[in-house]
Amino acid sequence: MLASATKIDDLISKASKEQDFAQTAVFMAKAAESSERYDEMCKWVVALVNARLAEKKDLTEEQRNLLSVGYKHVVGYRRSSYRCFQHGEHKENDLIKSYKEVVKGEVMKICMEVLDVLQKKLIPNVQELAKAAEGSETESKHQESCIFYLKMVGDYYRYLAEVDSEAENAKNAEKYYVQGSDLAEKFLPSTHPIRLGLSLNLSVCYYEILKNQKKACELAKKAFDQAIAQLDALDEKYFQILLVLPHHLPPIY
C-alpha cells in the first residue's frame with residue numbers, strides 16, 4: 001500500500017510540471033473515480049487545489065464536486081464500518097472494541113485532512129477573491145463556492161462528532177453550517193441545490209448530533225416551504241432533494 005501511494009505521489013509530482021496540470025489532474029481524478037480508487041482520487045484533487053491556489057484561482061464547479069465526491073467515498077465506508085461496530089451483536093467484544101478504535105482513528109484522520117484543505121486553503125482563498133470582486137456577478141460565484149466549502153466543513157465536523165464525543169466537534173459543525181446558511185440566504189435562491197443540501201444536513205446535525213429534534217424539523221420545514229414557493233424555478237434533477245426535506249425527520253413540528 002505504501003509503495004502504491006509513493007508511486008502515485010511520483011506520478012503527481014511529474015504531472016505537476018506540465019503546463020496544463022489542472023486538466024491532467026481532473027482527468028486522472030476522474031480515472032481514479034471510475035476505477036473506484038478514491039484515496040488516489042483525493043490525492044489528485046488535493047494537488048489540483050494547490051495548483052489552483054498558486055495561481056490565485058478557485059476551483060471550478062466540476063473540480064469542487066470531484067473534491068466532495070472523492071472524500072465522501074473515502075470517509076463513507078469507514079463511517080459505515082464504525083456504525084456496524086457500534087450496533088453489531090459483538091459490540092462488547094474486546095477485539096471489536098479495539099477494531100472500532102482503529103476505524104475511529106481512520107475517520108478522524110480523513111476528516112482532519114479535509115478540514116485542513118478547506119479551512120486553511122480553499123475558504124481563505126475564495127473569501128479573498130469574493131472581497132476583490134465585491135458588487136460584481138463574479139462575487140456571487142465566489143460566494144457560492146464559499147457556501148459549498150462551509151457546508152463541507154460542517155459535514156466533516158459532524159462526521160468527527162459521530163465518532164468522537166468531544167463537544168467542540170458538534171459546536172463547530174453547527175457553527176459552519178449556520179455560517180453557510182446565512183450566506184446562502186443572501187446569495188442563493190431557496191431552490192438552489194447547495195442551499196437545499198445545506199438545510200438538509202444542518203437539520204440532520206440538529207437531530208442526530210445536537211439532539212434538538214424540534215429545531216431540526218422546524219429548519220427542514222422552513223427550507224421546504226421556501227423552496228415550494230419558488231417551485232417553478234427548481235431544476236427537475238434537484239426536485240428529489242426537496243422531497244426529502246419534510247420526510248427524513250419525524251413530523252413533530
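Biologist: How many aromatic pairs does a search of the whole structure find?

Modeller: Five. Rings of Phe, Tyr and Trp (its six-membered ring) pair if their centres lie within 6.5 Å; planes under 30 degrees apart are stacked, over 60 edge-to-face, the rest tilted. One of them is Phe85 with Tyr99: centres 4.9 Å apart, planes at 40°, so tilted. Phe85 sits in helix H4 (residues 61-87) and Tyr99 in helix H5, so the pair ties together parts 14 residues apart in sequence. Helices here are DSSP runs (H or I, at least four residues; strands are E, at least two), numbered from the N terminus.

Biologist: Is Phe85 buried or exposed?

Modeller: Buried, at 17% relative accessibility. Tyr99 is partly exposed, at 48%. Buried means under 20% relative accessible area, exposed over 50%, partly exposed in between (1.4 Å probe, protein chains only).

Biologist: And how are the rings of Tyr157 and Tyr176 arranged?

Modeller: Stacked, because the planes are at 15°, with centres 5.9 Å apart. Tyr157 is in helix H6 and Tyr176 in helix H7, so parts 19 residues apart in sequence are tied together. Both tyrosines are buried.

Biologist: Before I go on, what are these numbers based on?

Modeller: A predicted model: local features need pLDDT of at least 70, side-chain atom pairs count only at pLDDT 80 or more, and totals for chains, interfaces and linings use all residues. Residues are numbered from 1 along each chain as its sequence is written, and side-chain values use heavy atoms, without hydrogens and water.

Biologist: OK, back to H7. What covers its buried residues?

Modeller: The cover includes helix H5 (94-132), H6 and helix H8 (193-209). Among the buried residues of H7 are Asn169, Tyr177 and Phe187.

Biologist: Now the core. Which residues touch the most other members?

Modeller: Leu122 and Tyr156, in the largest nonpolar core, which has 66 residues. Such a core is a set of buried Ala, Val, Leu, Ile, Met, Phe, Trp, Tyr and Cys residues joined through side-chain atoms within 4.5 Å. Helix H6 (residues 137-163) gives the largest share, 13 residues.

Biologist: What is Tyr156 in contact with?

Modeller: Leaving aside neighbours within four places in sequence, its contacts (heavy atoms within 4.5 Å) include Ser68, Tyr71, Cys111 and Leu115.
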